[in-house]
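Open the model in your viewer and keep the selection tool at hand. Each stop below says what to select next and what is there.

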Amino acid sequence: MTINESIDLLKSLADVSRLRILNLLLEKPRYVEEIAESLNLAASTVSFHLKKMETAGWVEKSKVQYYIIYSLKAEVFDKPLSTLIQFENPDAMLQQERIERYHSKVCKAFFEQGRLQKLPVQRKKRLLVLNEFYKKFSLYKPYTEKEVNEIIGSIYNDYCTIRRELIEEGLMDRDGSTYWILEQKEQMNHD
């Protein structure tokens with residue numbers, strides 16, 4: 001459900017007459033004149049409100065002989081309220097594009113020809129740079145200290161600092177001289 005569909009659905013309930021109409025339809029399907037008579041409203045007023053609720057998705061109509069019968073859409077009323085207020089984030093794609101642009105900008109600022117020129121001071125940028133090192137390792141594969149140093153050294157001369165940073169940020173762990181990459185924290189993807 002989109003945010004506009006959620007708004008239309010919930011907005012259509014913000015009227016006393018519509019709520020009274022829905023209350024009648026909870027009992028059984030009805031035609032316009034029957035609703036108008038029960039609620040002491042003009043048939044045109046009832047038709048107006050039913051059209052709004054039909055557009056929003058609360059009611060549906062069917063033709064029986066000469067009458068148009070309105071009934072509640074069971075699939076909407078059977079849903080919990082939480083599903084009616086959840087919607088697709090229309091900005092999700094834009095947010096992801098912004099994150100990717102920022103990541104690219106940081107990499108361009110600190111990397112030259114695939115090599116790190118200097119380690120950023122700001123943690124957010126440093127995490128993005130560390131992520132570039134993280135990608136060079138395979139998950140669950142044990143590495144010797146020499147292998148770790150060679151992989152890091154191919155990108156940055158100060159492999160001791162990067163190795164220590166990867167461990168401190170919880171991206172790598174070690175036991176003696178055996179190192180391995182840990183599953184990436186969610187913060188690395190969103191910081």
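A salt bridge is a side-chain nitrogen of Lys or Arg within 4 Å of a carboxyl oxygen of Asp or Glu. Select Arg 163 and Glu 145: their side chains meet in such a bridge, at 3.9 Å from N to O. Arg 163 belongs to helix H10 (residues 159-168) and Glu 145 to helix H9 (residues 145-153), so the pair ties together parts that are 18 residues apart in sequence. Helices (H or I, at least four residues) and strands (E, at least two) are DSSP runs, numbered from the N terminus.

Two notes on reading what follows. This is a predicted model, in which local features need pLDDT of at least 70 and side-chain atom pairs count only at pLDDT 80 or more, while totals for chains, interfaces and linings use all residues. Residues are numbered from 1 along each chain as its sequence is written, and side-chain values use heavy atoms, with hydrogens and water left out.

Stay with Arg 163 and ask: is it buried or partly exposed? Buried means under 20% relative accessible area, exposed over 50%, and partly exposed in between (1.4 Å probe, protein chains only). Arg 163 has 12% relative accessibility, so it counts as buried. Glu 145, at 28%, counts as partly exposed.

Next, select Glu 27, Lys 28, Arg 30 and Glu 34. Salt bridges that share partners join these four residues into one network. Within it, Glu 34 meets Lys 28 at 3.5 Å, N to O, and Arg 30 meets Glu 34 at 3.3 Å, N to O. Lys 28 is partly exposed at 40% relative accessibility, whereas Arg 30 is buried at 7%. A search of the whole structure finds 10 salt bridges.

Now turn to the strands. Two strands pair if DSSP finds at least two bridges between them. In what order do the 3 strands of the open sheet lie? The order is E1-E3-E2, and the pairing is antiparallel. E1 and E2 are the edge strands, each pairing on one side only. E1 and E3 pair over 2 bridges: Arg 30 stands opposite Tyr 70 in E3, and Tyr 31 stands opposite Ile 69 in E3. Strand E2 (residues 59-64) pairs with E3 over 6 bridges; the bridge partner of Lys 61 is Tyr 70 in E3. Go to Gln 65 in the hairpin of E2 and E3, which has 2 residues between the strands; Gln 65 takes a positive phi near 55 degrees.

Aromatic rings are the next stop. Rings of Phe, Tyr and Trp (its six-membered ring) pair if their centres lie within 6.5 Å; planes under 30 degrees apart count as stacked, over 60 as edge-to-face and the rest as tilted. The whole structure has 2 aromatic pairs. Select Tyr 31 and Tyr 67: the ring centres are 4.7 Å apart and the planes at 35 degrees, so the pair is tilted. Tyr 31 lies in strand E1 (residues 30-31) and Tyr 67 in strand E3 (residues 67-72), so the pair ties together parts that are 36 residues apart in sequence. Then select Phe 137 and Tyr 143, whose ring centres are 5.1 Å apart with planes at 90 degrees, so this pair is edge-to-face. Phe 137 is buried at 8% relative accessible area, and Tyr 143 is buried at 4%.

Last, select Lys 124 and Tyr 102. The charged end of Lys 124 sits over the ring of Tyr 102, 4.9 Å from its centre. The criterion is that NZ of Lys or CZ of Arg is within 6 Å of the ring centre and within 35 degrees of the ring normal.
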